[in-house]
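Trainee: I have a model open and would like to learn how to read it. Could you walk me through it?

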Amino acid sequence: MIRILIVEDEEAIANLVRMNLVKAGYECHVAASGTAGADRLAECQYDLCIFDIMLPEIDGYELLEYAKGMEVPVIFLTAKGETPDKVRGLRLGAEDYITKPFDILELMARVDTVLRRYRKTEQELDVCGLHIDIPSRRVTKGEQEIELTYKEFDLLLLFVRNPNVALYREMIYERVWDSPYMGDSRTVDLHVQRLRKKAGLEQEIEAVYKVGYRFRRK
Ligand code: CA
């Protein structure tokens, strides 16, 4: 599992970022000060770091040096929106720089980009007897190839990356169709039905009353 370290002293922001990353299937650790962040880096291997710059004790720039020593990519998430700070952050070797207030979807997209750049994303998954090869978008069950449409494949990935979580139709639509949900629940329902049938996940993908669906995985 991809592991991400968030170092942020504003609890509300740390929680927002953590919640969204967890929802997207990443494992997340949060530290509220520069020293706690450095400790975490020493204890654990991370695939990506998200650092605030103005932090108690050790600041984000200094923390970046730690992370670079461990070859972990860093995204700065900071209120310091002035150009010199941005240039300094990028010169020091940050992968990206996001200014507060920020759009959470934009942050998620940047996280994906950096992970892809570092080839940290998963290439293959084995779930419920299915073998999913992500780069080639192929799904097999034993010897048998399961033909999924583009959207069905994305839907399958969303489910397997979020096991045992009730996913709202709205969220499913926005993630898979990449456009705002206008209340058309039939599109989601239809695709879920087809995916269930094709992939033999009738038991695993269950309807959640008034919410949407949940991928049940023991
Ligand atoms: Ca701060």
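Predicted model: local features only at pLDDT ≥ 70, side-chain atom pairs only at ≥ 80, totals over all residues.

Trainee: How many helices and strands does the chain have?

Mentor: Helices (H or I, at least four residues) and strands (E, at least two) are DSSP runs, numbered from the N terminus. Here there are 8 helices and 12 strands. The C-alpha trace spans about 55 × 40 × 30 Å along its principal axes.

Trainee: What share of the 218 residues is buried?

Mentor: Buried means under 20% relative accessible area, exposed over 50%, and partly exposed in between, with a 1.4 Å probe and protein chains only. Buried residues are 45% of the 218 in this chain. As for contacts (heavy atoms within 4.5 Å), of those between residues at least 6 apart in sequence, 54% join residues at least 24 apart.

Trainee: Which residues are the protein donors of the calcium ion?

Mentor: Donors are N, O and S atoms within 2.8 Å of the metal (3.2 Å for Na, K and Ca), and water is not among the atoms, so sites may look incomplete. In this model the protein donors are Asp 9 (OD), Asp 52 (OD) and Met 54 (O), at 2.1 to 2.4 Å from the calcium ion. Asp 9 counts as partly exposed because its relative accessibility is 35%, whereas Met 54, at 53%, counts as exposed.

Trainee: Is Lys 100 buried or exposed?

Mentor: Lys 100 counts as buried, because its relative accessibility is 13%. You will find Lys 100 in the loop between β5 and α5. For its partners, look for polar contacts: pairs of N or O atoms within 3.5 Å, where within protein one must be able to donate a hydrogen and the other to accept it, and residues adjacent in sequence count only if both atoms are side-chain atoms. The Lys 100 side chain makes such contacts with the side chains of Glu 8 at 3.0 Å and Glu 10 at 3.5 Å.

Trainee: Which residues of α5 are buried?

Mentor: They are Ile 104, Leu 107, Met 108, Val 111, Val 114 and Leu 115. These lie on the same side of α5, because they cover an arc of only 125 degrees around the axis, taken from the directions from the helix axis to the C-beta atoms. They pack against β1, α1, β3, β4 (74-78) and β5 (96-99). The face turned away from that buried side carries the exposed Leu 105 and Arg 116. At the start of α5, a side-chain oxygen of Asp 103 comes within 3.0 Å of the backbone nitrogen of Leu 105. Just after α5, Arg 119 has a positive phi of about 50 degrees.

Trainee: What covers the buried residues of α7?

Mentor: In α7 (residues 169-176), the buried residues are Met 171, Ile 172, Tyr 173 and Val 176. Their cover includes α1, α6 (150-161), β10 (166-168), α8 (185-199) and β12 (212-215).

Terms used: Residues numbered from 1 in each chain as written. Heavy atoms only, no water.
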